[in-house]
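Start with the overall fold, then follow the charged side chains. Keep the structure open while reading.

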Amino acid sequence: MTSARRTSYGVKGAPYGFLLPATILFALFFALPIGYAVWLSFHKVKVSGLGLGAGARKEIWAGIENYTDAFTDSELLDGTLRVLGYGCIVVPVMLGLALLFALTLDSEKVRLAPFTRLAIFLPYAIPGVVAALLWGFLYLPSVSPFFFVLDKLGLPQPDLLSGGPLYLALSNIAVWGGTGFNMIVIYTSLQAIPAEVYEAAKLDGATPLQIALRIKIPMVAPSLVLTFFFSIIATLQVFNEPMTLKPLTNSVSTTWSPLMKVYRDAFGTGDIYQAAAEAVIIALATLVLSFGFLRAANRRNRQEAAR
């Protein structure tokens, strides 16, 4: 009887044993850092006297003071507005190209489809910092081969690292690196559509363009929602591209994006408490926007299913 009980307990506890390693890793490298950041965001350092000697600097409870300072910080607000403008360029262009490439590769007349898929996806495999360095080299007039050709042809040489063109330069790096991943997601969904659907549409006299607009795009709508969701998160957390191009131009400040502001406060000025509050605000904003978008998309899907 005892042996049977132990066997029963062992069988019931087996799933928890399999989950234990993942749970420990999640707690150590995800939950614990988040909790520590939240804890830091409600504290600050109080300096007594000249700040010298033991006990001159004490960590005290600050309440919501760090959050109040973050919401009234003009640099953080300006960085947020810049990122929103950057996202208005990146997201529609990247997803539009990804959808176009996926529909083209799904066509029956396309040739060298495996090579084309690899060529489009390959930029995604390049680390973001390396991609930013590569494009930064191409943007610099003194070393860029494109500017050399424009100079020889007597054509004007645009300054891509200042003013309005800077947004296009940064957006180009993100589009170049992210289109391939989104294309693969959409293309995989297209491959899952039954061939009978296309055959029935052809029998009804539908053209390839009509099949793409009325069948393919509506049926891959969940994949479009997913890629849009990922793109929004990546846009709000943009860091590599402007941080890598910053040494190449004076137009990219240390607070160009919200995450660059967090980095500057944490490692530049040494105010980890203010940086923690800003990081929590960015995380909550990303969560709210993502949850709101997914909820709206699910509501629309339920309405369409009810029809």
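This is a predicted model: local features need pLDDT of at least 70, side-chain atom pairs count only at pLDDT 80 or more; totals for chains, interfaces and linings use all residues.

The protein holds 13 helices and 2 strands. Its radius of gyration is 26 Å, whereas a compact globule of 307 residues would have one near 19 Å. The C-alpha trace spans about 90 × 85 × 40 Å along the principal axes. Of the 307 residues, 32% count as buried. Among contacts with a separation of 6 or more, 64% join residues 24 or more positions apart. The accessible surface comes to about 19100 Å², and carbon and sulfur atoms make up 69% of that surface.

Now the charges. There are 23 positive and 18 negative side chains, with the centres of the two sets 9 Å apart. Side chains of opposite charge can pair when their charged atoms come close. The count here is 7 salt bridges.

Take E75 and R264. Their closest N and O atoms are 2.8 Å apart. E75 is partly exposed at 33% relative accessibility, and R264 is partly exposed at 22%.

K216 and D106 form another salt bridge, at 2.9 Å between the closest N and O atoms. K216 lies in helix α9 and D106 in the loop between α3 and α4, 110 residues apart. K216 is buried at 10% relative accessible area; D106 is buried at 14%.

E278 pairs with K261 at 2.7 Å. E278 is buried at 0% relative accessibility, and K261 is buried at 2%. Shared partners join D73, E75, K261, R264, D265 and E278 into one salt-bridge network.

Conventions
Residues are numbered from 1 along each chain as its sequence is written. Side-chain values use heavy atoms; hydrogens and water are left out. Helices (H or I, at least four residues) and strands (E, at least two) are DSSP runs, numbered from the N terminus. The radius of gyration is taken over C-alpha atoms; the globule rule is 2.2 Å times the number of residues to the power 0.38. Buried means under 20% relative accessible area, exposed over 50%, partly exposed in between (1.4 Å probe, protein chains only). Contact means heavy atoms within 4.5 Å. Accessible areas come from the Shrake-Rupley method with a 1.4 Å probe; for residues, only the protein chains shown count as cover. Lys and Arg count as positive and Asp and Glu as negative; His and the chain ends are not counted. The place of a charge is taken as NZ of Lys, CZ of Arg, CG of Asp or CD of Glu. A salt bridge is a side-chain nitrogen of Lys or Arg within 4 Å of a carboxyl oxygen of Asp or Glu.
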